[in-house]
Amino acid sequence: MPKPSSRFDRIPPYLFAEISRVKREAKARGVDIIDLGIGDPDIPTPQPILDALKTAVDNKETHRYDESARGWPEFISAAADWYQRTFGVELDQASEMCQVIGSKEGLAHLAWSYIDAGDYSIIPNPGYPVYKNNTLMAGGEVYETPLLAENAFLPDLTAIPTDVAKKAKLFYVCYPHNPTAAVATPEFYQDAVAFCREHDILLVNDMAYATVTYDGFKSPTVLQVEGGKDVAIEFHSLSKMYNMTGWRLGFAAGNPDAISTLQRLKDNIDSKQFGAVALAGAHALNHVDNSATMAIYEKRRDLLCDGLRELGWDIPKPKATLFVWAPVPRDDMDSATFCRELIEKAGVVIIPGSGSGDAGEGYVRMSLTLPGDVDGQRFVEAVKRIKESGLIPARV
Ligand SMILES: Cc1ncc(COP(=O)(O)O)c(C=O)c1O
């Protein structure tokens, strides 16, 4: 076989390989693993969305290529209405929106649409690896802004060197944030819009967790900020909102040039999502409310955070996302060692913060998704096992 493209040499190895190995070995020993590793909703897609898909599959119009300009019209229209209802922002369906095959696809192809050799993407560290890996594969460079607790896990815009800003084309942010569970403020978005306007950078906001929120919190969006549409594109996904990760459906909204540039690349790569999936997605956005699912996550969050706090592991309760971001509770272990020990001694899988970037060292990520959980009881069991592992130092 010919040698694969050298662009693969530019991307780092899979960082969770070690944890996967320890997990596999524990499973082989018969350990009953509680896997708080990946954040894939365990609750099924709501029945009305399944019913809408079944109806849409019988519509023979959906069996053909979607030849629309920006995505199945009912889906784009439902997404525009949903955006207006949720964030109070009007979007022009013809120029300010396009459908994507999951937000990962859109976020990745945006890098391929803009980045040439020598161009920079500014990316969060820790962060979702798609921004970095696609920038690097496209031949570009990344500047990683550390997200630190003292800055509420927001990038410090004043610390970005001017020569990097000059060479940057994209600035990826993600709020609510995976993995830190941090949320953005309207003031941060105002500053980010001003920064990107000054340096002619496209601000890319990954909002995969926009509506995965708790305690009544409502996430702001960059397009609510004055001038947001001049410099920003935002990605939304039905994956986490409606437990539809396998369906591969989302949309981009924002600056018309950015949308048409992304669409131009997509027109040369994909032929859009299956129309029936898009129609079911339209039904979801128009009619389905995700509060029952959010109540399940919120209960799990409370059982986990309150239970661990009682053990002396004080963890802030996230306002959003499927994740709890916790400082490693011991001085004598890095995050990877702590996670390995937790699998060995408690059969509980969590993810080292360093797996999402070196600035994540010192933290671990626990997911609120867990197949087989009934009424939060597996989370109670996880806390019990963590207690029995003896890995949490006694309170002083
Ligand atoms: C931060 C973030 N962005 C984007 C995605 C991709 O979501 P999807 O492609 O399913 O829309 C994920 C999935 O885990 C994520 O965590």
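Reply: The shell around the ligand holds three nonpolar, eight polar and two charged residues; Ala, Val, Leu, Ile, Met, Phe, Trp, Tyr, Cys and Pro count as nonpolar, Asp, Glu, Lys and Arg as charged, and the others, Gly among them, as polar.

Me: What kind of model is this, and how are residues numbered?
Reply: This is a predicted model, in which local features need pLDDT of at least 70, side-chain atom pairs count only at pLDDT 80 or more, and totals for chains, interfaces and linings use all residues. Residues are numbered from 1 along each chain as its sequence is written.

Me: Which residues come nearest to the ligand?
Reply: G102, S103, K104, S237 and S239 do, out of 13 residues around the ligand. A residue is near a molecule or strand if its C-beta atom, placed from the backbone, lies within 6 Å of it.

Me: Changing topic: is β12 mostly covered or exposed?
Reply: Strand β12, residues 363–367, is mostly covered, with five of its five residues buried. Buried requires 20 or more other C-beta atoms within 10 Å of the residue's own, exposed 12 or fewer, and partly exposed lies in between, with C-beta atoms placed from the backbone. Strands (E, at least two residues) and helices (H or I, at least four) are DSSP runs numbered from the N terminus.

Me: Which residues are on each side of β12?
Reply: Y363, R365 and S367 are on one side, and V364 and M366 on the other; all are buried. In a regular strand the side chains alternate between the two faces of the sheet.

Me: What does β12 pair with?
Reply: Strand β9 (323–327) pairs with β12 in the antiparallel sense over five bridges, and P327 stands opposite Y363. Strand β11 (351–352) is also antiparallel to β12, over two bridges, with I351 opposite R365. Pairing requires that DSSP finds at least two bridges between the strands.

Me: Now the backbone: where are the cis peptide bonds?
Reply: One runs from N125 to P126, with omega near 5°, and P126 is in the loop between β3 (120–125) and α5 (129–137). Another joins Y175 and P176 with omega about -5°; P176 lies in the loop between β5 (168–174) and α7 (186–199).

Me: What about the phi of D215 and D375?
Reply: D215 has a positive phi of about 55° although it is not a glycine, and phi of D375 is near 55°. Most residues other than glycine have a negative phi, and most peptide bonds are trans.

Me: Are these two buried or exposed?
Reply: D215 is exposed, with 11 other C-beta atoms within 10 Å. D375 is exposed, with 11 such atoms within 10 Å.
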